[in-house]
Amino acid sequence: MRTVSSLSFAKQALRNWREVGAVAPSSPKLGERMTELAEVWRAERVVELGPGTGALTTAVLDDLPHTSDYLGLELNGDFVRTLRARHPEHRFEHAPAQEFDFTSIWPDDAGFDVVISGLPWTSFPEALQKSILDNVLPRLRPGGRFATFAYWGFHQLPAGRGFRALLHSRLDGVESSRVLWANLPPAFIYIGRKAP
Ligand SMILES: C[S@@+](CC[C@H](N)C(=O)[O-])C[C@H]1O[C@@H](n2cnc3c(N)ncnc32)[C@H](O)[C@@H]1O
């Protein structure tokens, strides 16, 4: 399964580098660590941004309580078809994270308590980084957790430093995890909370 996902991922990365922004799906360890830090085990509603071929999704769905809701927002139509076939009981929308209307899924407007992001933030222009956060963070509940990964080394480039500063300006207590060297490329996690 993982080899098929890796091939499909590499094909899409060659076609749409700016959107996919990675050479391979994340490792299972990265997914496990992200869901642990974001405390998915006690979440009621989880939104995943850019699930791709589902590398982080597997860890999220493993930890998600059975009574809780999951929503994946993915820009790439081929990836959405794969995700829907693999997880027919969960909801995947073919939509850009910066435009999605969350009240179309959750009309009570109560928001969600965890965001897991697999987006390639440093390959996005700053305006797109901001418009995604502007659409997502107002719906994150106070005290809710936001987890995203960054590739080690890229975080020192101007785009990486800019994104880190943006996260610090929008979330409370942003921390960085240890580097997971076995990921391709090595990556670490930013975890922050919405101010209560
Ligand atoms: C670096 S890949 C990560 C895939 C997967 N989460 C993983 O960790 O292996 C980034 C994913 O984000 C998706 N993506 C890029 N821009 C997006 C956007 N504006 N809204 C939703 N998904 C987007 C891409 O299509 C791709 O699947």
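Predicted model: local features only at pLDDT ≥ 70, side-chain atom pairs only at ≥ 80, totals over all residues.
View 1. The ligand is surrounded by 25 residues, and the closest are V20, S26, G50, E74 and A97. By type, this shell comprises 17 nonpolar, six polar and two charged residues. Three elements, α2 (17–20), α4 (55–63) and β2 (69–74), each contribute at least two residues to the shell.

**View 2. Polar contacts between the protein and the ligand.** In the side chain of S26, an N or O atom is 2.5 Å from an oxygen atom of the ligand. The side chain of E74 also takes part, with a polar atom 2.5 Å from an oxygen atom of the ligand. L75 contributes through its backbone, where an N or O atom lies 3.3 Å from a nitrogen atom of the ligand. On its own, the ligand has 590 Å² of accessible area, of which the protein covers 99%.

View 3. The largest pocket is the space that the ligand takes up. Among the residues closest to the ligand are G50 and A97.

View 4. N76 belongs to the loop that joins β2 to α5 (77–86). Its relative accessible area is 8%, so N76 counts as buried, the cut-off being under 20%. In sequence, N76 and P196 are 120 residues apart, while their C-alpha atoms are 34 Å apart in space.

Notes:
Residues numbered from 1 in each chain as written. Heavy atoms only, no water. Near = heavy atom within 4 Å. Polar contact = N/O pair within 3.5 Å; in protein donor to acceptor, adjacent residues only side chain to side chain. Areas by Shrake-Rupley, 256 points an atom, 1.4 Å probe, with all protein chains shown as cover. 1 Å grid on protein atoms, 1.4 Å probe; cavity = no way out; pocket = protein on both sides within 12 Å on 5 of 7 lines; lining within 4 Å. Sits in = over half its atoms within 2 Å of the grid points. Helix = DSSP H or I, 4+ residues; strand = E, 2+ residues; numbered from the N terminus. Nonpolar A, V, L, I, M, F, W, Y, C, P; charged D, E, K, R; others polar. Buried < 20%, exposed > 50% of the residue type's maximum accessible area, 1.4 Å probe, protein only.
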